[in-house]
Amino acid sequence: MGVDVILGLQWGDEGKGKIVDVLANNYDLVARFQGGPNAGHTLKFDGKKFVLHTIPSGIFREGLMNLIGNGVVIDPITLEKEIQILIDAQVDYKDRLLVAKKAHLILPSHRLLDAASEKAKGKEKIGSTLKGIGPTYMDKTGRNGLRVGDLFESDFKEKYNKLKSKHLGLAELYGAVDFDLEAEEAKWFSSLETLKALNCVDGEYYVNEVLNEGKKVLAEGAQGSMLDVDFGTYPYVTSSNTITSGVCNGLGVAPQRINEVIGISKAYCTRVGGGPFPTELFDDIGEQIQREGGEFGATTGRPRRCGWLDVPQLRYTIMLNGVTQLVLTKVDVLNIFESFKYASHYVTKDGSLSKQLPFDLCNSDQQVQLESVAGWNQSLEEVTTPDQMPAALKDYLNLLEKELDCKISIVSTGPERDKIIYMQ
Ligand code: GDP
Ligand code: IMO
Ligand code: MG
């Protein structure tokens with residue numbers, strides 16, 4: 001019973017999609033609680049690869065219900081494309097995919113504003129995925145937004161036009177940007193039919209009824225805790241609460257319903273877009289990690305910046321989320337190294353070592369203290385249980401558990417569904 005949560009502890013792309021898919025069969029409902037098509041969650045099984053942006057990663061598991069929660073922002077054009085992928089793969093989704101009526105809609109003019117705002121920022125741009133996320137959440141908190149439930153009201157078009165003209169006024173302030181609004185609107189209105197044909201529900205009642213029936217819910221996060229609008233590397237963040245507290249707002253469940261919080265971290269660190277990244281590597285090693293790990297964005301195809309694991313940062317996000325178990329992914333990417341590093345401390349302005357992240361992370365060239373560890377430097381292809389792990393890998397996991405004061409429950413050694421080692 002209750003809600004378990006899966007979320008990313010870094011800057012996104014930790015492998016949330018894979019782990020949700022792996023664990024989904026233990027649940028009755030998988031529910032996305034925030035973010036939108038800025039997310040790209042990759043699943044690999046039976047020689048096939050799927051990338052989901054809006055649809056929860058439980059959709060490929062037969063008989064399992066999936067909910068796009070009220071905290072998610074939906075672009076009907078992206079959603080329609082994702083549904084087409086399900087149709088092509090002959091996935092029976094119709095009775096298993098629900099959409100919360102209180103989820104906000106991303107309009108074409110939100111995307112226009114996203115592009116215009118980024119262009120106007122110049123060198124200081126966030127590196128947004130340009131999916132309209134920021135402007136849509138701004139309209140939500142500014143009390144101007146349009147929601148899925150509004151699509152069924154007779155005055156929808158009127159409300160749409162009103163919001164669009166507000167956006168066009170704002171866009172003038174930012175300056176011109178290359179965006180074919182008319183063409184995008186035509187696609188948008190056509191894709192609305194696909195969205196309206198889905199089962200649109202009062203998500204908060206639905207989730208609570210499921211829980212009251214004694215069933216199990218898995219809440220799927222998007223982005224990562226360091227992109228959280230309150231606690232991430234502001235302003236280089238996304239516009240939603242990506243941490244555990246976002247589950248309550250994004251699904252309509254009370255805090256005491258939350259059980260396990262499964263935090264996912266790569267065995268190293270990546271970031272896509274702008275913003276501080278204290279353990280970033282600018283040398284061959286960074287490139288090696290990028291190549292071995294296939295570190296290119298699942299949504300935008302942009303190369304991901306790569307660096308060493310940042311232990312103070314993980315300690316911070318474990319604290320913020322109340323993580324009860326840790327999942328370490330992409331451990332296989334470190335197979336190539338005879339030794340590798342991790343950051344144990346941040347160096348403060350007076351030169352002392354700190355286990356905490358400073359407030360002004362974005363304003364300074366932050367130095368970190370790095371420690372070396374011996375690598376296992378061998379393939380993990382045949383390793384399926386903890387006792388088959390090379391001693392150096394076991395030592396590394398023990399070290400992290402000690403440093404982070406958190407149990408590692410799962411280690412992931414490849415992108416495929418079956419490349420998984422359960423630690424207990
Ligand atoms: P998400 O946004 O957190 O779901 O992660 P993404 O799908 O954006 O990026 C994770 C990438 O790593 C995808 O290409 C996955 O297929 C891949 N991946 C996930 N787990 C592993 C792993 O343990 N090892 C390797 N080599 N790749 C993995
Ligand atoms: P998943 O769910 C990695 C980053 C963008 C940019 C910043 C703001 O796949 O882990 P936005 O489009 O939200 O305005 O962009 O956040 N970003 C992500 N980085 N993974 C994601 O999602 C991301 N979603 C947004 O690159 O730096
Ligand atoms: Mg991703």
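**Group meeting: a magnesium site, a strand and a helix**

Let me start with G40, which is buried at a relative accessible area of 11%. Buried means under 20% relative accessible area, exposed over 50%, and partly exposed in between, with a 1.4 Å probe and protein chains only. This is a predicted model: local features need pLDDT of at least 70, side-chain atom pairs count only at pLDDT 80 or more, and totals for chains, interfaces and linings use all residues. Residues are numbered from 1 along each chain as written, chains are lettered from A and ligands numbered from 1 in written order, and side-chain values use heavy atoms, without hydrogens or water.

Now the metal. D13 (OD) and G40 (O) coordinate the magnesium ion, ligand 3, at 2.1 to 2.2 Å. D13 sits in the loop between β1 and α1, and G40 in the loop between β2 and β3, so the pair ties together parts 27 residues apart in sequence. D13 is partly exposed, because its relative accessibility is 22%. Donors here are N, O and S atoms within 2.8 Å of the metal (3.2 Å for Na, K and Ca); water is not among the atoms, so sites may look incomplete.

Next, strand β11, residues 258-266. Strands are DSSP runs of E, at least two residues; helices are H or I, at least four; both are numbered from the N terminus. In β11, 7 of the 9 residues are buried, so the rest of the structure largely encloses it. β1 runs parallel to β11, joined by 5 bridges. Pairing takes at least two DSSP bridges. G8 stands opposite I264. β15 also pairs with β11 in the parallel sense, over 5 bridges. There, I262 faces Q325.

Last, helix α7: its exposed residues Y205 and N212 lie on the face turned away from its buried side.
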